[in-house]
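Please look over the structure below.

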Amino acid sequence: MAKPHLSRNLKRNLVAYSFIAPNFIGFCVFTLLPIVFAFVLAFCKWDGSNPIEFMGFKNFTRLFGDTFFKAALKNTILYCLGTVPLTMVASLGLAIVLNQKVIGRGVFRTLSFFPYVASLVAVTAVWKMLFHPTKGPINSILVNVFGHDPQLLPQWFSGSLVLVSMILFSVWKFMGYYMVIYLAGLQGISSELYEAASLDGAGTWNKFRYITWPQLSSTTFFVVVMLTINCFKIYDIAVMLAGGGSGELTESSTVLVFYIYQKAFINWDLGYSSAVAMVLFVMVLTVTVIQFYGQARKERTDR
Amino acid sequence: MKKRIIAVLMCLCMLAAMAGCGGKSGGSGKGVTLKWAIWDESSTQYWSDIKKAYEESHKNVTVEMVDLGSTDYMTVLATELSGSGSDFDVVTIKDVPGYATLVQKNAIIALDDYIKKDKVDLAKFAGATDQVLVNGKLYELPFRNDFWVIFYNKDIFDRAGVPYPTNDMTWEEYDALARKVTNTTFGKQVYGTHYHTWRSTVQLCAMLDGKHTILDGNYDFVKPFYEMILKQEKDGVCRKYADLKTEGLHYSAAFSGGDVAMMNQGSWFISTLITNIKKGDYDAKLCGNWGIVKYPHAKGVEAGSTLGTITGLSVTTASKNKDAAWDFVNWVSGAEGAAVMASSGNFPACMTEDVKNAIAGIDGFPTDKQSKEALDVSNLYLEVPYGDHVSEINSVLDSYHGSIMTGELSIDEGIKKMNDEVGKILGK
């Protein structure tokens with residue numbers, strides 16, 4: 001009696017597995033195995049051809065004395081600290097404004113989504129023209145309207161300003177995408193809550209503070225996690241905006257993923273670059289775990 | 001029944017297809033196929049010229065070219081040759097850092113035994129091969145050798161009434177000449193000189209005294225050139241590095257625009273200029289009247305020293321036809337290959353008087369005596385000679401070059417950083 005039941009269950013599982021299999025096998029071969037391998041490599045020295053040598057923690061101790069690693073780490077963290085809150089605020093603001101019944105709402109929604117779908121190479125080219133150090137309109141306005149000294153114009157793509165440029169660019173490029181997510185969240189809030197609050201005499205700020213923000217907390221959680229992970233992964237924007245004559249990044253603009261690439265495929269130091277990748281992995285993991293627990297605790301206290 | 005027949009037929013089809021594939025890759029017996037890694041096949045004439053000429057004189061050999069693209073050629077090649085899965089026989093070596101990587105990865109073999117066996121005289125490479133020895137062994141033979149010269153626009157000098165640059169100039173004279181021909185009037189702007197965003201255009205001017213290389217670990221000697229060029233930038237004698245980087249302006253566009261009087265660049269630009277002016281892609285009114293002179297030199301050093309970049313060929317460790325591959329490498333780098341290279345205006349590594357005459361005789365090459373004399377090189381220093389950590393050193397220097405040129409760091413700070421960081425690599 002039990003036998004057919006078991007086999008039916010097994011059958012159902014097998015059917016399910018067979019559907020998962022194509023994707024999962026691909027994932028294992030091309031993603032999971034390399035990740036596991038990178039963990040091992042982080043403790044080794046390897047150039048991709050010669051035998052692998054075990055190094056212990058030497059790769060990790062080397063990180064502390066590495067000027068470029070420290071610069072990359074600092075830049076990546078600063079970039080995240082700038083981009084995550086700014087993008088979140090900008091996209092939430094846009095979502096709230098474009099959730100009202102304003103005329104041309106569809107047009108504005110499309111316009112704010114446009115940077116996200118535009119090709120990165122094309123829009124960085126436009127940004128580079130706009131912020132061109134001597135001929136760009138931004139710097140021309142600084143000279144002609146604000147009377148800035150033409151000899152000391154800001155260099156938007158080098159020095160201390162390059163991170164600012166990168167942050168501004170990212171906010172502009174990605175706010176449309178997160179706006180859509182927030183819009184979906186906003187439309188999930190029941191209008192009864194706002195009506196009840198109006199009856200109780202709540203103003204706009206109080207409605208936002210006590211209804212919108214708490215109701216959106218799971219959306220915000222998602223947005224912040226995705227933003228943080230994406231920010232730590234920054235590579236293309238840095239190379240496109242700040243890459244020099246041969247694509248290299250200086251100390252002021254280098255970022256972790258670029259450094260990982262450089263160490264791995266230009267200098268063929270795969271062990272060391274895996275160690276840098278581990279640092280990136282641990283950082284993203286920590287941030288995500290903290291946010292996850294914060295969210296879980298908040299939901300418990302809310303209940 | 002019908003279904004079964006169809007199934008059997010399909011199986012047969014598949015088997016036939018597989019057998020067909022197998023037959024193809026199995027080779028046809030006697031002939032040898034050499035797989036050769038190159039870049040930019042469509043825009044570079046000489047790859048197919050060499051293939052054709054070699055196959056004509058070696059009937060049993062087929063050369064199969066694989067184009068890996070030029071942008072990150074050495075990176076792609078190193079990836080291809082990692083592990084043991086590659087089936088390249090001959091690979092082209094684009095630069096020395098990439099060469100160092102391949103040698104360290106044991107991806108290419110030392111050619112010394114072959115060189116001894118076939119009695120190849122390395123003297124024909126004018127010392128270039130000595131600068132890429134790895135522990136006394138040679139892993140590549142150069143077939144192309146480009147060296148740096150000064151390109152200048154004669155029309156600009158005529159208009160300004162300034163005498164042309166000469167084959168014997170010091171850097172001070174070069175600087176003075178560039179300033180003389182510069183015009184900063186808006187609308188009639190002329191830049192006396194132009195430096196592309198590569199590090200080589202600035203730093204390597206300092207290597208010409210023969211006392212320094214970029215592997216030294218101490219870079220104080222490049223300071224005068226950073227000072228000279230940054231001062232030129234400030235005075236409007238040349239375009240600013242930060243501008244060029246932002247625009248991504250190519251040196252060929254800068255020179256063919258007709259507002260650059262002089263530019264230091266490699267001899268590869270000669271054939272580019274000739275072809276594009278002929279085709280009408282560059283406006284002959286703006287840049288058609290050009291000439292070349294020898295690279296300026298330091299005070300007290302004789303004229304004619306310049307920087308060079310060699311392009312070489314190597315035999316891979318994984319190759320199953322090493323002897324045939326060596327024969328190809330030897331042929332291309334020798335006199336016969338040199339003739340093929342020169343026919344399209346490119347500089348072969350084995351330079352002879354005939355080759356020089358052939359290049360200077362190409363239609364479109366400047367007809368003045370100076371330009372032809374500029375092809376005589378007395379000392380050739382490789383932009384990058386071989387060293388153990390050359391690839392890492394290159395990354396560090398590139399990065400701080402950018403920092404100095406954009407003004408992120410002062411010249412002294414930048415050079416100190418170079419000394420410190422390269423010192424760390426060398427001290428390892």
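**Helix α12 of chain B**

In α12(B), the buried residues include Ile270(B), Ser271(B), Leu273(B) and Ile274(B). Buried means that 20 or more other C-beta atoms, placed from the backbone, lie within 10 Å of the residue's own. These residues lie on the same side of α12(B), because they cover an arc of only 160° around the axis. The arc is taken from the directions from the helix axis to the C-beta atoms.

This is a predicted model: local features need pLDDT of at least 70, side-chain atom pairs need 80 or more, and totals for chains, interfaces and linings use all residues. Residues are numbered from 1 along each chain as its sequence is written, and chains are lettered from A and ligands numbered from 1 in the order written.

**More on the helix**

- Helix α12 of chain B has 12 residues (268–279), so it should span 16 Å at 1.5 Å a residue; its end C-alpha atoms are 17 Å apart, which agrees.
- The expected span is 1.5 Å times one less than the number of residues.
- Helices (H or I, at least four residues) and strands (E, at least two) are DSSP runs, numbered from the N terminus.
- β7 (290–293) of chain B is among what covers the buried residues of α12(B).
- Just after α12(B), Gly280(B) takes a positive phi of about 90°.

**Two domains of chain B**

- Domain 1 is 32–146 + 308–360, and domain 2 is 148–306 + 383–427.
- These bounds come from an automatic or database domain assignment.
- The centres of the two domains, taken over C-alpha atoms, are 28 Å apart.
- Their contact (C-beta atoms, placed from the backbone, within 7 Å) takes 17 residues from domain 1 and 14 residues from domain 2.

Conventions:
Buried ≥ 20, exposed ≤ 12 C-beta atoms within 10 Å, placed from the backbone. Contact = placed C-beta atoms within 7 Å.
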